[in-house]
Amino acid sequence: MSDLTIGDVIAEKQYHLTRDTLVRYAGASGDFNPIHYRDDIAQSVGLPGVLAHGMLTMGIAVQPVVDWLENRGTVLDYQVRFTRPVLVDPTDGATVTVVAKVGALENGAARIDLTVTFNDETVLGKAQARVSLA
Amino acid sequence: MPVNPELQGRVFPPTAPYLVGREKVREFARAVLATSPLNHDPAAASAAGYSDIVAPPTFPVVVQEATLAQLLAEPDAGIDFTRVVHGDQRFTYTRPIVAGDELTATLAVTSIKSLGGHSMVTAESTIVDAGGAHVVTAISTLVVRGDE
C-alpha cells in the first residue's frame with residue numbers, strides 16, 4: 001500500500017441499473033417511496049420519471065473501493081452529497097460510472113475520492129471514503 | 001408549516017434492537033451490486049477475522065430508517081414527508097457491521113438551518129451493539145422544501 005500516490009486511479013467501473021435494480025433495492029432497504037418505481041407518481045411531483053434511490057447510488061458507488069480493499073482494510077467513513085438524480089428509463093435503464101482516486105494519504109489510512117457520473121454529469125458531490133490500510 | 005426550530009438538540013428514545021441476519025446482509029449486498037466474498041461467504045469472512053459475513057458500508061440505512069420514522073412522526077416537528085429531499089449522507093464507523101450484531105440506534109437532531117425558504121435538518125443516528133459499544137454513526141441532512 002505504501003506505493004500509493006495522490007491522484008492514482010484505483011478503480012473505474014460502470015454499473016447498469018434497470019427498474020428491477022430499484023425494486024430490489026426498495027425491498028432490501030425498506031425505502032418504498034413510489035417515485036422509485038412509478039412514473040405516474042414521479043411525474044405528479046414534477047420529476048421527469050422514476051429515479052434511482054440516492055442511497056442506492058451511494059451504495060453502489062463505494063463498491064469499487066470495497067473490491068479494491070479486499071481484506072486489507074475497511075471503510076472508516078463514507079459521505080456523499082446528492083446533487084443530481086439518476087433517471088432510470090423503463091427500457092434502457094441507466095448506466096452509472098464510478099472513478100475512484102486517491103485523494104489524501106495519512107498513516108494507515110487513505111481518502112478515496114469518487115467521481116460518480118450519469119449521462120456525463122456528476123450525480124454525487126463530495127463523495128469520499130476514508131479507508132484503513134493494513 | 002415550517003420546521004420547528006426547537007427540534008434542534010432533541011434526542012429521541014433508542015429504537016428497539018435490530019438483529020442483523022445473514023440473509024438480510026446478503027439481500028442488501030445483492031441490492032447494491034456488492035460482489036465481495038466478505039459480504040456473502042461466511043468462510044471468506046471468517047478467514048479475514050470476522051465472526052460472520054460483513055455488511056456493505058451503507059447497510060446502516062436499514063437501521064437508521066426507524067429513527068427517521070421517529071423524526072417524521074414527531075407531532076410538533078412540522079416536517080411534511082412529501083417535501084423532504086435527501087441532501088447528504090455520511091457513515092462514520094468504529095467497526096464494520098457483521099451478521100449477528102444486535103444494533104440499537106439513538107437519534108439526535110443536531111442542527112436546523114433555514115436556507116432560501118427551505119429548512120435543512122441534520123439528523124444523527126448513533127448505532128451501538130448489544131454491549132453498548134459504538135459501531136457506526138449515520139448522519140443525514142434532509143432538505144425540507146418551503147411553500148412555493
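Q: Which residues of α1(A) are buried?
A: This is a predicted model. A residue is buried if 20 or more other C-beta atoms lie within 10 Å of its own. In α1(A), that applies to A:T21, A:L22, A:Y25, A:A28 and A:S29.

Q: Why do the buried residues of α1(A) line one face of the helix?
A: In general, an α-helix has 3.6 residues a turn, so residues three or four places apart point the same way. Viewed down the axis of α1(A), the buried residues fall within an arc of 130°, and therefore they line one face.

Q: What covers the buried residues of α1(A)?
A: The cover comes from both chains: it includes β1 (9–17) and α3 of chain A, together with α1 and α3 of chain B. Just after α1(A), A:G30 adopts a positive phi of about 85°.

Q: Which residues are buried in α1 of chain B?
A: Helix α1(B) spans residues 22–31, and its buried residues are B:V25, B:F28, B:A29 and B:A31. Down the axis of α1(B), they fall within an arc of 160°, so they too line one face of the helix. Their cover includes α1 of chain A and α3 (60–73) of chain B. After α1(B) comes B:L33, with a positive phi near 60°.

Q: How many residues of each chain are in contact with the other?
A: In this model, 26 residues of chain A are in contact with 25 residues of chain B. On the side of chain A that touches chain B, two or more residues come from each of α1 (19–29), α3 (54–61), α4 (63–69) and β2 (75–82). The element that gives the most is β2(A), with eight residues. By type, this side of chain A holds 14 nonpolar, eight polar and four charged residues.

Q: In which sense do β2(A) and strand β2 of chain B pair?
A: The idea to hold in mind is that in a regular strand the side chains alternate between the two faces of the sheet. Here β2(A) and β2(B), residues 84–93, pair in the antiparallel sense over five bridges. As one example, A:R81 has B:D88 as its bridge partner.

Q: Which strands pair within chain B?
A: Strand β1(B), residues 18–19, is joined to β3(B), residues 102–115, by two bridges, and the two run antiparallel. There B:L19 stands opposite B:E102. Strand β3(B) also runs antiparallel to β4(B), residues 118–128, with 11 bridges between them; B:V109 has B:A123 as its bridge partner. β3(B) and β4(B) form a hairpin with two residues between them, and B:G116 in the turn has a positive phi of about 55°.

Definitions and conventions: Residues are numbered from 1 along each chain as its sequence is written. Chains are lettered from A and ligands numbered from 1 in the order in which they are written. This is a predicted model: local features need pLDDT of at least 70, side-chain atom pairs count only at pLDDT 80 or more; totals for chains, interfaces and linings use all residues. Two residues are in contact if their C-beta atoms, placed from the backbone, lie within 7 Å. Helices (H or I, at least four residues) and strands (E, at least two) are DSSP runs, numbered from the N terminus. Ala, Val, Leu, Ile, Met, Phe, Trp, Tyr, Cys and Pro count as nonpolar, Asp, Glu, Lys and Arg as charged, and the others, Gly among them, as polar. Two strands pair if DSSP finds at least two bridges between them. A residue is buried if 20 or more other C-beta atoms lie within 10 Å of its own, exposed if 12 or fewer, and partly exposed in between; C-beta atoms are placed from the backbone. The arc is that of the directions from the helix axis to the C-beta atoms.
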